[in-house]
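Welcome! Take a moment with the sequence and the view below before reading on.

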Amino acid sequence: MDTAPDGDGAGPDYDPTVEPGLEDAPRPGGRHRVGAPQPAPLTEHGPARVIAVANQKGGVGKTTSTINLGAALAEYGRRVLLVDFDPQGALSVGLGVQPHQLDATIYNLLMDRGVEPDDVILKTSVAGMDLLPSNIDLSAAEVQLVTEVGREQALGRALKGVLDRYDVVLIDCQPSLGLLTINALACADSVLIPLACEFFSLRGVALLMDTIDKVKDRLNPDLDLIGILATMFDSRTVHTREVHQRVIEAFGDLVFDAVINRTIRFPETTVAGEPITTWAPSSSGAEAYRMLAREVIAR
Ligand SMILES: Nc1ncnc2c1ncn2[C@@H]1O[C@H](COP(=O)(O)OP(=O)(O)O)[C@@H](O)[C@H]1O
Ligand SMILES: [Mg+2]
């Protein structure tokens, strides 16, 4: 069981999420921790920067990161729209929405003429953070879109009208490189890749990078990689540190300084239906996502 004071089980020897006084501490791979400053409040909002949270591997923390990065950005006064773009609807569930009870979802926004974003967008428990929910209907869109003209731009068309209202739009992608994920990459300004600090986690990243390059070449020349987020970090194991070190060797400064520890608190927040920033505001998990939010704002 967890023994650390905040329940995160972080070991004393190497914890990349520890911040105070460590700004200049050398990091694995020879980098120096920089973090990011407290962001200035905004006086006006929009147009939104669109960030696709993508990795075709499941269970790496895409949905958890979308919810908690979004909530942390909202704490910093950013207006945030979370887009559930996985037919599993885990993002919606994580925010306390029952996907099968919804009258309108992102499927209707994509496929039905006359459906407007405001018919689908829901407010969340976090002030300043809205949700475009999805459910299993979205899996039909993937099939139906195949025969459409401009099939890769369907999400971009659907979101166009609301970008002015938000500062950040986060798209939670499904665990595949299929047409839905291509739609997300085609309308995004940047991609954020959560990478679990586990064996084999680097496998498949080359394929993801390749897909990003193809989308850049053919659909969205301005697409960039905002960063790689190390998740599921367990400071008690040597193995997880080795994987973290390899990720830093491979991607250098693209790796966010914020690192997300493996802790039971994240699955618990799913049950609670709210972000960790409100469910356990002073936990190291909440702090890590705030640190990530500062880095995202600064990049
Ligand atoms: N840092 C973490 N520590 C422990 N469990 C986590 C962490 N992040 C996510 N989880 C849990 O792992 C599972 C998969 O996470 P999720 O965010 O849904 O991944 P993905 O969207 O990439 O499939 C969920 O049950 C979630 O609650
Ligand atoms: Mg998910």
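A residue counts as near a molecule when its C-beta atom, placed from the backbone, lies within 6 Å of it. Keep in mind that this is a predicted model. With that in hand, let us start at the ligand and then move to the helices and the sheet.

**Around ligand 1**
- Ligand 1 is surrounded by 18 residues, and the closest are Lys62, Thr63, Thr64, Phe266 and Pro267.
- Two or more residues of this shell come from each of α1 (62-75), β7 (224-233), β8 (255-261) and α10 (265-272).
- Sorted by class, the shell holds 9 polar, 7 nonpolar and 2 charged residues.

**Where α1 meets α12**
- Helix α12 (residues 284-298) and α1 have axes that come within 8 Å and cross at roughly 70°.
- The two helices α1 and α12 are therefore roughly perpendicular to each other.
- On the α1 side, the contact uses Asn68, Leu69, Ala72, Leu73 and Glu75, while α12 brings Tyr289, Arg290, Leu292, Ala293 and Val296.
- By class, the residues of this contact are 7 nonpolar, 1 polar and 2 charged.

**The sheet**
- An open sheet of mixed pairing is formed by 8 strands, in the order β3-β4-β2-β5-β1-β6-β7-β8.
- β3 (122-123) and β8 stand at the edges with a single partner strand each, so one side of each has no neighbour in the sheet.
- Strand β6 (residues 190-196) runs parallel to β7, and 7 bridges join them.
- Ser190 stands opposite Asp224 in β7.
- α12 packs on the sheet, where it touches β7 and β8, and its direction makes about 165° with that of β8.

Technical notes: Residues numbered from 1 in each chain as written. Chains lettered and ligands numbered in written order. Predicted model: local features only at pLDDT ≥ 70, side-chain atom pairs only at ≥ 80, totals over all residues. Helix = DSSP H or I, 4+ residues; strand = E, 2+ residues; numbered from the N terminus. Nonpolar A, V, L, I, M, F, W, Y, C, P; charged D, E, K, R; others polar. Axes fitted to C-alpha atoms, helices over the stretch in contact; angles between N-to-C directions. Parallel < 35°, antiparallel > 145°, perpendicular 65-115°, else oblique. Contact = placed C-beta atoms within 7 Å. Pairing = 2+ DSSP bridges.
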